[in-house]
Every structure is written in structure tokens, then in C-alpha cells.
Amino acid sequence: MSLHHEQYKIDNRTNSLSVKETHPIIARVINKLHNKINSPIPITSKINEETKIFLDNYFYKEMEGIDELVDKNILSKWFPKKTLPTNVYEE
């Protein structure tokens, strides 16, 4: 058996090192604590429709020109049903 196999346990199913063998115990403890303290919170409320429209208009206007900058059709993928508004900053 090679030195590599003697130092680490290899998971034969995936040919990868186990987490226990590649991360020090302190890193695993900190990760567990972090996940307990910062557990995922499901989003239960929807964004106010007026807020969504305002933000869509704002960011659409701010991102104008990105297609030319990166030479890709990005804006229409982010905002498929929009055209550039003229009154973004008006209430």
C-alpha cells in the first residue's frame, strides 16, 4: 500500500478522501456550530409587487449596456419581458 493510502482513508466508492481525514477536528467543530447558529431560514413571505417592479426597473436601467460590455446577451435573460423604461426615477 502506498504512503498516500496509509495516511488517509480512501472512500473506494468515490475515490475521494473522507472529510474526517482532510479537515482538522477544530474546523469540523466550527462548521457544525456555524450551521447550528446560522441554520437556513425558509422564505415564507413574498416581495411586495410594487417593490419588485421598482427594483426591476431600477436594475434594468442600471444594467443598460452590459450586453455590449461583455459581448453577450445577458440583460434579456435576466429581464425577458422588459424593455428599457424611460421613467425609472419618477414616482
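1. Val 29 counts as partly exposed, because its relative accessibility is 39%. This residue belongs to helix 3, which covers residues 25-37. Val 29 also contributes to a nonpolar surface patch of about 620 Å².

2. The model is predicted, and confidence should be read alongside each feature. The average pLDDT of the protein is 75, and 66% of the residues score at least 70. Over residues 1-8 the pLDDT stays under 50. For residues 1-8 the model has seven contacts beyond four places in sequence.

3. The overall architecture comprises six helices and two strands. Read from the N terminus, the order of the elements is α-β-β-α-α-α-α-α. Of the contacts between residues at least 6 apart in sequence, 30% join residues at least 24 apart.

4. Burial and surface may be considered together. The protein has 91 residues, of which 10% count as buried. Its accessible surface amounts to about 8,700 Å², with 57% of this belonging to carbon and sulfur atoms.

5. The largest nonpolar core consists of five residues: Tyr 60, Ile 66, Ile 74, Leu 75 and Phe 79. Leaving aside residues up to four places away in sequence, Ile 66 touches Ile 74, Leu 75 and Trp 78.

6. Asn 57 is situated in helix 4, which spans residues 49-62. Is Asn 57 buried or exposed? Asn 57 counts as buried, because its relative accessibility of 18% falls under the 20% cut-off. Asn 57 and Lys 82 are 25 residues apart in sequence, yet their C-alpha atoms are 8.6 Å apart in space.

7. How many salt bridges does the structure hold? There are two salt bridges. One of them links Lys 52 with Asp 56, and the closest N and O atoms are 2.8 Å apart. Both residues lie in helix 4, four residues apart, which is about one turn of the helix. Lys 52 is partly exposed, with a relative accessible area of 35%. Asp 56 is likewise partly exposed, at 22% relative accessibility.

8. A salt bridge also joins the side chains of Glu 64 and Lys 61, with an N to O distance of 3.6 Å. Glu 64 is partly exposed, having a relative accessible area of 45%. Lys 61 counts as partly exposed as well, at 30% relative accessibility.

Terms used: Residues are numbered from 1 along each chain as its sequence is written. This is a predicted model: local features need pLDDT of at least 70, side-chain atom pairs count only at pLDDT 80 or more; totals for chains, interfaces and linings use all residues. Side-chain values use heavy atoms; hydrogens and water are left out. Patches are made of residues with over 30% relative accessible area and no salt bridge: like charges are joined within 9 Å, nonpolar side chains (Val, Leu, Ile, Met, Phe, Trp, Tyr) within 5 Å. Accessible areas come from the Shrake-Rupley method with a 1.4 Å probe; for residues, only the protein chains shown count as cover. A salt bridge is a side-chain nitrogen of Lys or Arg within 4 Å of a carboxyl oxygen of Asp or Glu. Buried means under 20% relative accessible area, exposed over 50%, partly exposed in between (1.4 Å probe, protein chains only). Contact means heavy atoms within 4.5 Å. pLDDT is the predictor's confidence in each residue, from 0 to 100. A nonpolar core is a set of buried Ala, Val, Leu, Ile, Met, Phe, Trp, Tyr and Cys residues joined through side-chain atoms within 4.5 Å.
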